[in-house]
Amino acid sequence: MGEKSVVAARLFGPLAGLMENRPARWTATAALLVLMAVAPMIFGSYATVILTNALLYVVLALGLNVVVGYAGLLDLGYAAFFAVGAYTIGVLTLDFGLNFWMSLPFAVLAAAIAGVIIGGPTLGLRSDYLAIVTLGFGEIVRFSARNLEITGKASGLSGIQQPSIFGYEIASSLDFYYTFCILAIIAVIVSFRLANSRLGRAWLYVRHDEDAAEAMGIDRVRVKLAAYVIGAIYGAIGGAFFAVNLGAISPESFSFTQSVLILMAVILGGMGKIPGVILGAFIVILGPELLRDLGPLRLLVFAVGLLLIMLFRPSGIWPGRSAAK
Amino acid sequence: MTFLDILTQQLVNGLVLGSFYALVALGYTMIFGVIKLLNFAHGDLYMVGGFVGFIGLSAISSVVGGDWPAVFIAMLFSMIAVGCLGVVIQRVAYQPMLAAPRLSILITALAVSLVLQNAVLGLTGGQYQPFRADLGFGGINIGSLFIQYNQMVLVGTAAVLMIGLELFVSRTQYGRAMRAVSIDKDMCQLMGINVPVVIAVTFFIGSALAAAAGTMAGAYYGSIWYFMGFLIGLKAFTAAVIGGIGSIPGAMLGGLILGLLEAFGTQIPGIGSEWKDVFSFGVLILVLVFKPTGLLGRPEQERM
């Protein structure tokens with residue numbers, strides 16, 4: 001292990017050093033923002049659609065990161081919250097005639113309630129049971145969407161209205177690209193603030209030593225529930241914008257594979273570390289695009305990559321200042 | 001059909017389904033017993049077992065036909081091959097992770113599951129593969145109840161395998177070692193038990209049982225595909241939890257109970273077959289929340 005980390009430090013050390021240097025960090029962030037702004041002009045319209053998807057994954061992965069990376073709870077059914085957000089928007093705009101912005105708070109609320117329903121009774125369980133329960137919950141949500149009349153059964157919902165803001169309709173793929181840019185930036189800022197908050201420190205404590213945390217007066221279940229609900233809200237917002245971006249949703253968008261892809265984004269880059277998670281989201285979306293020639297084997301390449309990372313670099317690609325123990 | 005006929009017919013269906021669940025659940029529970037790992041890849045070993053059994057059957061069917069004897073030979077071949085695969089997986093992926101945090105080893109198991117699924121996806125192109133066994137549909141009538149011979153052979157085979165396992169665990173030296181390791185691994189090491197070998201044997205048997213179920217399911221349902229292990233993996237886990245994870249009789253009991261619950265659950269008005277899976281996951285969540293030790297399990301403290 002020692003030798004490997006030395007190699008890693010040589011490879012990534014300069015980069016990590018750069019990130020720890022304050023002015024350099026600001027410069028890098030500014031450069032990244034400029035790149036985000038001009039990317040559609042440089043890479044063309046196809047790439048813009050792919051990048052929009054990558055930014056959606058940044059939001060989702062940062063949300064799951066709150067659950068897995070911050071609170072240390074393995075959630076294998078995260079797509080459920082994504083589905084709750086998307087379907088709430090779909091149902092409220094199509095069947096109840098609300099507009100997007102009026103439905104959005106309901107989507108957030110529905111996801112928070114879903115988070116409490118699934119988290120409340122199960123967060124006291126052992127970690128591997130929790131993983132399976134979340135998996136089962138994810139499947140229940142998908143099966144329900146596929147069987148219920150109101151969610152359009154297997155064919156899903158289509159014709160979801162695109163939102164407008166101050167009279168300007170968000171319609172083109174470029175509009176959505178910038179919308180997702182803004183969402184991703186907000187998600188990053190919120191994640192940074194959360195990590196450094198009182199709650200963030202409580203998560204860190206619970207993750208490292210649950211019993212000691214409890215002895216120090218941290219309410220373990222409440223802190224974990226908070227992680228669940230916050231993660232669910234990220235997922236619902238991602239899902240809401242996903243629904244209006246595509247205009248159509250179907251149960252298969254929220255399968256177990258979806259949950260796994262989001263989880264991969266969190267783990268590949270480095271659990272709990274925001275730059276790592278962002279990098280992971282981009283790898284998960286851009287990787288298959290770059291490996292398109294491999295056809296169905298590209299997912300195999302991904303799965304083997306995930307396995308190798310778990311075996312050799314369990315704390316992810318991006319080196320953190322304090323490797324997760 | 002009268003109400004009673006429907007019930008007895010569902011009893012037969014439930015027994016068949018329950019046999020599959022029980023065979024897969026046994027592997028979950030045994031592996032959990034010795035290394036406290038939820039092997040997410042276990043359902044995929046069932047799937048790989050189906051494919052290896054199919055390859056075996058195709059190889060011999062020109063000589064011995066496609067009836068049950070041929071399926072049994074294919075099943076044995078599949079059990080040995082997948083058993084070895086299970087041992088390799090344990091050595092390569094799980095052994096180095098045993099000291100790592102629980103989250104890491106769970107994710108590793110998930111990664112193994114994805115590797116197996118996508119490897120088979122890549123090899124088969126994701127198509128349903130017809131499983132050409134030539135079993136016929138004969139059966140006997142008991143009153144108005146019709147039981148296929150296939151169903152009887154299948155439940156019988158599962159029962160023989162389970163009785164064999166029970167004898168192995170309760171009567172042989174390795175079985176005793178296995179039970180000892182599941183109680184205290186470190187102590188066993190000190191007492192001169194070769195723990196790595198015991199773990200390897202456990203993985204071999206667990207994987208072989210899943211492969212047996214996979215081959216029989218392929219022959220019985222007539223087709224296999226790369227994703228067929230996912231749902232049964234979840235169901236079998238549910239069965240293991242209902243029975244009490246870590247308990248071998250519990251896994252058998254849990255498998256049968258879940259199979260029967262599903263068969264009868266689909267008869268409840270308003271549930272229907274499209275809600276079948278929701279029904280069993282609902283049961284899973286309820287059991288985990290209200291009785292996490294299951295029916296025959298012993299209470300256990302988690303050490304993170």
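Among contacts in chain B of this predicted model between residues at least 6 apart in sequence, 77% join residues at least 24 apart, two residues being in contact if their C-beta atoms, placed from the backbone, lie within 7 Å. For chain A, 77% of the contacts between residues at least 6 apart likewise join residues at least 24 apart. Because the model is predicted, local features need pLDDT of at least 70 and side-chain atom pairs count only at pLDDT 80 or more, while totals for chains, interfaces and linings use all residues. Residues are numbered from 1 along each chain as its sequence is written, and chains are lettered from A and ligands numbered from 1 in the order in which they are written.

Chain B contains eleven helices and four strands, taken as DSSP runs numbered from the N terminus (helices: H or I, at least four residues; strands: E, at least two). In chain B, 52% of the 304 residues count as buried, that is, 20 or more other C-beta atoms, placed from the backbone, lie within 10 Å of the residue's own. The radius of gyration of chain B, 19 Å, agrees with the value near 19 Å that a compact globule of 304 residues would have; the radius is taken over C-alpha atoms, and the globule rule is 2.2 Å times the number of residues to the power 0.38. Along the principal axes, the C-alpha atoms of chain B fill a box of roughly 60 × 50 × 40 Å.

Chain A comprises twelve helices and four strands. Its radius of gyration is 20 Å, close to the 20 Å given by the globule rule for 325 residues, so chain A is as compact as a globular protein of that length. The C-alpha trace of chain A spans about 60 × 50 × 40 Å along its principal axes, and 47% of the 325 residues of chain A count as buried.

Note on methods: Buried ≥ 20, exposed ≤ 12 C-beta atoms within 10 Å, placed from the backbone.
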